[in-house]
Amino acid sequence: HNGINVAAAPMVDQWRITDHFTMSTSAEVISTNWERNDSTGYVKIGTGMSESSGVFTFPQTGIYLIKLFGTSYGASGDTNIMTLRIQTRKSGGDYADSAQVSEAAHTTNAYGSMATDLVFDVEDTSGDNIRITAYSAASGRKILGSSTAQRTGITFIRLGDT
């Protein structure tokens, strides 16, 4: 590999949802409309992530910083909490809530933003995965997507070896 230490190679990738996600009152995986950032000027470093039905798979072992950002939208004047979570699993086991952020829409047609970070140790590239869930205290709330800008998305940064 031309003297490059592949095991310690950097990896940066960024994904987003291309369409709005309407939340239910129970946590649901955001399983559709994911795309890698394809805006002018974006470039990933390394192999990058893969995604299937909302489950993200890592290209190599290592310690990763996962940054989740969401744009929320409230449809009515009631104050209702909206929550995003990063769920992780190890070795193909059950998913667990590993990071959570909540926001409340206080007025009709209110926009909000949510962000949380998680450091995750990937030791098994086939069985260590993450996914994003969302729910709201009431119906009609949305997490907003876009095919041209990062309105709701995830950034993955490999920090170093596991």
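M11 is found in the segment before strand 1, strands being DSSP runs of E with at least two residues, numbered from the N terminus. The model is predicted: local features need pLDDT of at least 70 and side-chain atom pairs count only at pLDDT 80 or more, whereas totals for chains, interfaces and linings use all residues. Residues are numbered from 1 along each chain as its sequence is written, and side-chain values use heavy atoms, with hydrogens and water left out.

**M11 and its surroundings**

At 1% relative accessibility, M11 counts as buried; the term means under 20% relative accessible area, with exposed over 50% and partly exposed in between (1.4 Å probe, protein chains only). The C-alpha atoms of M11 and G46 are 4.9 Å apart in space, although 35 residues separate the two in sequence. Not counting residues up to four places away in sequence, M11 touches I45, G48, M49, P59, Q60, Y64, F156, I157 and R158, where contact means heavy atoms within 4.5 Å.

**Strand 11 and its partners**

Strand 11 covers residues 129-136; six of its eight residues are buried, so the strand is largely enclosed by the rest of the structure. Strand pairing requires that DSSP finds at least two bridges between the two strands. Strand 3 (residues 28-29) runs antiparallel to strand 11 and is joined to it by two bridges, with V29 standing opposite T133. Strand 6 (residues 55-57) also pairs with strand 11 in the antiparallel sense, over two bridges, and here I130 of strand 11 is the bridge partner of F56. Eight bridges connect strand 8 (residues 80-89) to strand 11, again antiparallel; T83 stands opposite Y135 in strand 11.

**The largest nonpolar core**

A nonpolar core is a set of buried Ala, Val, Leu, Ile, Met, Phe, Trp, Tyr and Cys residues joined through side-chain atoms within 4.5 Å. The largest one has 28 residues, of which F58, I66, L84, I130, I132, I154 and F156 touch the most other members. At least two residues of this core come from each of strand 1 (12-17), strand 7 (62-74), strand 8, strand 9 (96-105), strand 10 (110-122), strand 11 and strand 13 (153-160). Strand 10 gives the most, with four residues. In soluble globular proteins, nonpolar side chains tend to be buried together. Leaving aside neighbours within four places in sequence, I154 is in contact with D13, Q14, W15, W34, F56, I66, K67, L68, I130 and I132.

**Aromatic pairs and charges over rings**

Rings of Phe, Tyr and Trp (its six-membered ring) pair if their centres lie within 6.5 Å; planes under 30 degrees apart count as stacked, over 60 as edge-to-face and the rest as tilted. By this rule the count comes to seven aromatic pairs. The rings of F58 and F156 have centres 5.9 Å apart and planes at 85 degrees, so they are edge-to-face. This pair links distant parts of the chain, F58 lying in the loop between strand 6 and strand 7 and F156 in strand 13, 98 residues apart. F58 is buried, with a relative accessible area of 3%, and F156 is buried at 0%. For Y73 and Y111, the ring centres are 5.1 Å apart and the planes stand at 55 degrees, so this pair is tilted. Y73 lies in strand 7 and Y111 in strand 10, so the pair ties together parts that are 38 residues apart in sequence. Y73 counts as buried at 18% relative accessibility, whereas Y111 is exposed at 56%. One aromatic cluster is formed by W15, W34, F56, F58, Y64, F120 and F156.

A charge sits over a ring if NZ of Lys or CZ of Arg is within 6 Å of the ring centre and within 35 degrees of the ring normal.

| Charged residue | Ring | Distance to ring centre |
|---|---|---|
| K90 | F120 | 5.3 Å |
| R131 | Y95 | 3.8 Å |

**A polar contact of T71**

T71 is placed in strand 7 and is buried, with a relative accessible area of 13%. A polar atom of the T71 side chain lies 2.6 Å from the backbone oxygen of R151. Beyond four places in sequence, T71 touches G112, K142, I143, L144, R151 and T152.

**Positive phi angles**

Most residues other than glycine have a negative phi. N33, in the loop between strand 3 and strand 4 (34-36), has a positive phi near 65 degrees and is partly exposed, with a relative accessible area of 36%. S53 has a positive phi of about 50 degrees although it is not a glycine; S53 is found in the loop between strand 5 (50-52) and strand 6 and is exposed at 52% relative accessible area.

Definitions and conventions. A polar contact is a pair of N or O atoms within 3.5 Å; within protein, one must be able to donate a hydrogen and the other to accept it, and residues adjacent in sequence count only if both atoms are side-chain atoms.
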